[in-house]
Each structure stands twice: as structure tokens, then as C-alpha cells.
Amino acid sequence: MRRNLLRDAVFVILLENVLLGVYRRGERLRLDRIAEDLQVSRTPVREALAPLEALRLVSVQQYVGVVIAHWTVGQMCERLRIARSMLVAPLGAGAPTEDRFDVRALAECRTEAGCLVEIGAWVLRRSGATVSADWLESQAAVLDVFFTDDVCAANGIDAAVDRRDRMALLARARSAAERDAVAACTTALVELADALIAMPARFRVALSA
């Protein structure tokens, strides 16, 4: 397997472990142990930590090493709030693109949040907000994984609640994007962002008791 593919595979595993709580907040990661568990060398593990640090899920501390950040569910929702604000009022005054939406971009998305990022980045580029689109795309991996059923459950969120409504909003956004109806697509994405942001308010009784 090529190094970049191996690095990406290790990144996904580490990301899921962080968001699932397999690696506890404040825990120090031992690269040798991770490499041994995954049966890879230290190099792809070290390379995979760079995007995790950029996403503020780990921190590299002098004399200590790599430590899991004290991230919160609220911070995940804040990423969506920023995305929502960008969609409502795109930043930047660059030249809008004329690219048509390619539905194949959604093929690897696991959740509505991942699809929101992909479609939202297209909307922002069509609006000339390239920098905002780049930022949104940088959040794709963490948002797509965080809103999976397993990760939601691990963080006290029932992802099944109102899923039909979220999927309907996603279908509206996708249909509008395919028609190149940017305004209608934006409206649906903003509503979808609101629905995703509201999800953590629905905690499981067992975890909130």
C-alpha cells in the first residue's frame, strides 16, 4: 500500500478512536504501541497525527508527546455553525466558478453532515468564496465521522431521531445542486445544518440520568 493511502487509513482509524472515546481526553498516545496495534511503521502514524492536530483533536506538547485534546460535542456543533454562517453570508469576493455539481462527490460520504460539507463547498465556490470552501472541506472528515450512529451513541446522541427529516433536507439540497439552483440549495443546506446542530440536545436517558 502506498504511504499516502496507508497514512489516510491510519488517520481514519485514529479519528474514529478519538471520537468514540477509545482514546480518552487528556490521554497520551504512544506511537510505538499504535504502530504495533495497527501493524504499520511509526511513519504513517506520525503523518496521520498532523491532520488530527490541525483539527484540534490532538496536541503535541514538548517533553510530553501527543496528547488527546479536551474536545467537546459543542465544538463539533460550532464547526457546523461556522459552516452555516458561511453559507448565509459567504466570505470573500473572488470570481464565482461555473462548475456544475458532480453527484459523485457524495459517494464516499457516510452521513448527512459529510454530504452537507461536499455540497456546501460547491455552493461556496459557486459564490466565489473559495477560502470558505477550502475551510469547509477541511472539516469534512471529522464531521462525517462524528455524525455516524456509533460515534453519536458514544457521545450520548440518538442519531435516529428526526433522521427522515434530515434525509429529506439533504435530498432537497442535492436536487437543487443538480439543477444548479444555488439559492434553493443554500436554503436546504442551512436548514440541514440547523437540524444537525440540534441533534446533541436529544441525549439518551441512560447517559443523562
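Analyst: Phe146 and Phe147 are both buried, where buried means under 20% relative accessible area, exposed over 50% and partly exposed in between, with a 1.4 Å probe and protein chains only. This is a predicted model, in which local features need pLDDT of at least 70 and side-chain atom pairs count only at pLDDT 80 or more, while totals for chains, interfaces and linings use all residues. Residues are numbered from 1 along each chain as its sequence is written, and side-chain values use heavy atoms, with hydrogens and water left out.

The whole structure holds three aromatic pairs. Rings of Phe, Tyr and Trp (its six-membered ring) pair if their centres lie within 6.5 Å; planes under 30 degrees apart are stacked, over 60 edge-to-face, and the rest tilted. One of the pairs is Trp71 with Phe146, whose ring centres are 6.2 Å apart with the planes at 90°, so this pair is edge-to-face. It joins distant parts of the chain, 75 residues apart: Trp71 sits in the loop between β3 (65–68) and α4, and Phe146 in helix α7. Helices (H or I, at least four residues) and strands (E, at least two) are DSSP runs, numbered from the N terminus. The rings of Phe146 and Phe147 have centres 5.2 Å apart and planes at 85°, so they too are edge-to-face. Trp71 is buried at 2% relative accessible area, and Phe146 is buried at 0%.

Turning to open space, the largest pocket has a volume of about 450 Å³. A pocket is an open set of points on a 1 Å grid over the protein atoms alone, where a 1.4 Å probe fits, with protein on both sides within 12 Å along at least five of seven lines; lining residues have an atom within 4 Å of a point. Of its 18 lining residues, Phe11, Val12, Ala140, Ala141 and Asp144 are the closest to the centre. Helices α1 (3–20), α3 (42–54), α5 (112–126) and α7 (140–146) each supply at least two residues of this lining.

The second largest pocket holds about 180 Å³. Its lining includes Trp135 and Gln139, and helix α4 (residues 73–88) gives the largest share, four residues.

As for confidence, pLDDT (the predictor's confidence in each residue, from 0 to 100) averages 91, and 94% of the residues score at least 70. Over residues 204–209 the pLDDT is below 50. Where pLDDT is low, the predicted coordinates should not be read in detail.

Terms used:
Points joined across faces, edges and corners; volume = space filled by probe spheres on them. Contact = heavy atoms within 4.5 Å.
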